[in-house]
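Visitor: I would like to learn how to read the features of a protein model. Could we take them one at a time, with the rule before the case?

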Amino acid sequence: AFLALSQKDFKMVLAYSSISHMGIVLIGLGVLNQAGLQGAIFQVISHGLIAALLFFIVGAMYERTSTTELSELGGISKTMPYLAGFMLAGGMASLGLPGMSGFVSEFMAFLGLFQEYPILGAIGAVGIILTAVYILRAVLSITFGEVKLNEATTKDIRGIEWIPLIVLTGLIIFIGVYPTILTEPLNDTLKLILTGIGG
């Protein structure tokens with residue numbers, strides 16, 4: 001999370017963000033209780049969807065602007081409003097906004113951690129705060145502020161690009177609003193895992 005906070009390239013922010021989010025998977029697996037394991041599995045699925053959405057957006061931006069440097073991007077909400085909207089949605093999902101899949105996975109993993117090790121849970125929660133800081137810093141600097149790109153060369157979402165953006169965002173919100181779509185099929189598997197490890 002600290003490394004992600006210090007990056008000046010949006011691709012690198014997302015790369016270190018992925019490593020930071022895998023720490024939540026380790027937290028969930030490490031506590032060896034049902035809530036923790038459930039959170040770890042949720043995080044793997046959720047992060048796969050969120051990372052796919054954000055990296056697709058980065059690719060679309062690079063194709064249009066030939067840069068992913070935070071200092072060279074700005075004000076895309078004025079030149080590419082739809083792309084900026086999906087970027088904001090992906091950023092909010094990544095930092096764990098309630099109603100999106102990132103919130104469910106982080107909540108379950110930390111619930112399991114606080115049940116077993118409340119002091120470590122409080123320390124680990126610092127990572128969630130840092131996630132909000134580096135995601136908001138990167139996303140807001142790109143979407144708002146002074147327009148730094150030539151409007152004539154920046155085109156918003158085109159044709160087939162809508163499909164992955166809508167599908168991924170829809171799945172992220174659907175899992176966040178209706179998490180039982182995953183919890184019910186996972187319950188039997190989790191019970192089997194916990195029985196196997198003596199839980």
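Visitor: Is the crossing of α3 and α8 left-handed or right-handed?

Guide: A crossing is left-handed if the near helix is turned anticlockwise from the far one by less than a right angle, and right-handed if clockwise. The crossing of α3 and α8 is left-handed.

Visitor: What should I know about the model itself?

Guide: This is a predicted model, in which local features need pLDDT of at least 70 and side-chain atom pairs count only at pLDDT 80 or more, while totals for chains, interfaces and linings use all residues. Residues are numbered from 1 along each chain as its sequence is written, and side-chain values use heavy atoms, with hydrogens and water left out.

Visitor: At what angle do the axes of α3 and α8 cross?

Guide: An axis is a line fitted to C-alpha atoms, for helices over the stretch in contact, and the angle runs from 0 to 180 degrees between N-to-C directions. The axes of α3 and α8 cross at roughly 150 degrees and come within 10 Å. That makes α3 roughly antiparallel to α8 (the label is for angles over 145 degrees; under 35 is roughly parallel, 65 to 115 roughly perpendicular, the rest oblique). Contact means heavy atoms within 4.5 Å. On the α3 side the residues in contact include Phe42, Ile45, Leu49 and Phe56, and on the α8 side they include Pro164, Leu168, Ile172 and Ile175.

Visitor: How do the axes of α3 and α9 cross?

Guide: The axes of helix α3 (residues 34–65) and helix α9 (residues 180–196) come within 10 Å and cross at roughly 125 degrees. That angle makes α3 oblique to α9. α3 passes α9 in a right-handed crossing.

Visitor: Which counts as buried and which as partly exposed, Phe86 or Trp162?

Guide: Buried means under 20% relative accessible area, exposed over 50%, and partly exposed in between (1.4 Å probe, protein chains only). Phe86 has 13% and counts as buried, whereas Trp162 has 28% and counts as partly exposed.

Visitor: What kind of pair do Phe103 and Phe107 form?

Guide: The ring centres of Phe103 and Phe107 are 5.9 Å apart and the planes are at 20 degrees, so the pair is stacked. Both residues lie in helix α6 (residues 101–116), four residues apart, about one turn of the helix. Phe103 is partly exposed at 32%, and Phe107 is partly exposed at 45%.

Visitor: Which ring does the charged end of Lys11 sit over?

Guide: A charge sits over a ring if NZ of Lys or CZ of Arg is within 6 Å of the ring centre and within 35 degrees of the ring normal. The charged end of Lys11 sits over the ring of Tyr62, 5.6 Å from its centre.

Visitor: Where is Gly74, and is it buried or exposed?

Guide: Gly74 is in the loop between α3 and α4 (76–79). It is buried, with a relative accessible area of 2%. Its C-alpha atom is separated by 6.0 Å from that of Phe144, 70 residues away along the chain. Leaving aside neighbours within four places in sequence, Gly74 has contacts that include Ser141, Phe144 and Lys148.

Visitor: What is the phi of Leu32 and of Ser66?

Guide: Most residues other than glycine have a negative phi. Leu32, in the loop between α2 and α3, has a positive phi near 55 degrees. Ser66, in the loop between α3 and α4, has a positive phi near 60 degrees. Leu32 is partly exposed at 49%, while Ser66 is exposed at 54%.

Definitions and conventions:
Rings of Phe, Tyr and Trp (its six-membered ring) pair if their centres lie within 6.5 Å; planes under 30 degrees apart count as stacked, over 60 as edge-to-face and the rest as tilted. Helices (H or I, at least four residues) and strands (E, at least two) are DSSP runs, numbered from the N terminus.
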